[in-house]
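Trainee: Please take a close look at a single part of this model for me. I would like one connected account.

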Amino acid sequence: MLKEIYLVHHTHMDIGYTDLPHEVMDQHLMHLDQALSLCQQNAVHPPEQRYYWTCESAILEQDYLTHRPRAHRERLLRSLR
């Protein structure tokens, strides 16, 4: 019986390759918002049942901290800790 599933979300970080740079960053920021929401919703579960996420690019974190409201920035920093 299957006991664990590892779901890996992957996006390409070549800014401007698939769309205009600001469009690509907007998409990445939206994905990060969704990942943070999933982490927050599952924080009540035991560690082995939680949703975990790893940000693959420091530039995305920097852009998030620059362009998102304070509450979102604080949520990101809490999740990273």
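Mentor: Here is a look at the cysteines, then at some residues around them in the sequence.

This is a predicted model, where local features need pLDDT of at least 70, side-chain atom pairs count only at pLDDT 80 or more, and totals for chains, interfaces and linings use all residues. Residues are numbered from 1 along each chain as its sequence is written, and side-chain values use heavy atoms, with hydrogens and water left out.

A search of the whole structure finds zero disulfides. The term stands for a pair of cysteine sulfur atoms within 2.5 Å. Take Cys 39: the closest cysteine sulfur is in Cys 55, 11 Å away, so the two are too far apart for a bond. Cys 39 counts as buried because its relative accessibility is 16%. Cys 55 is buried as well, also at 16%. Buried means under 20% relative accessible area, exposed over 50%, and partly exposed in between (1.4 Å probe, protein chains only).

Gln 40 sits in helix α1. Helices are DSSP runs of H or I with at least four residues, numbered from the N terminus. Gln 40 is partly exposed, at 48% relative accessible area. Ser 79 is 39 residues from Gln 40 in sequence, yet their C-alpha atoms are 8.1 Å apart.

Now the segment before α1 (21–41), which holds Val 8. Val 8 counts as exposed because its relative accessibility is 69%. From Val 8 to Glu 48 is 40 residues in sequence and 16 Å in space, C-alpha to C-alpha. Ile 5 is also in the segment before α1. At 67% relative accessibility, Ile 5 is exposed.

Technical notes: Helix = DSSP H or I, 4+ residues; strand = E, 2+ residues; numbered from the N terminus.
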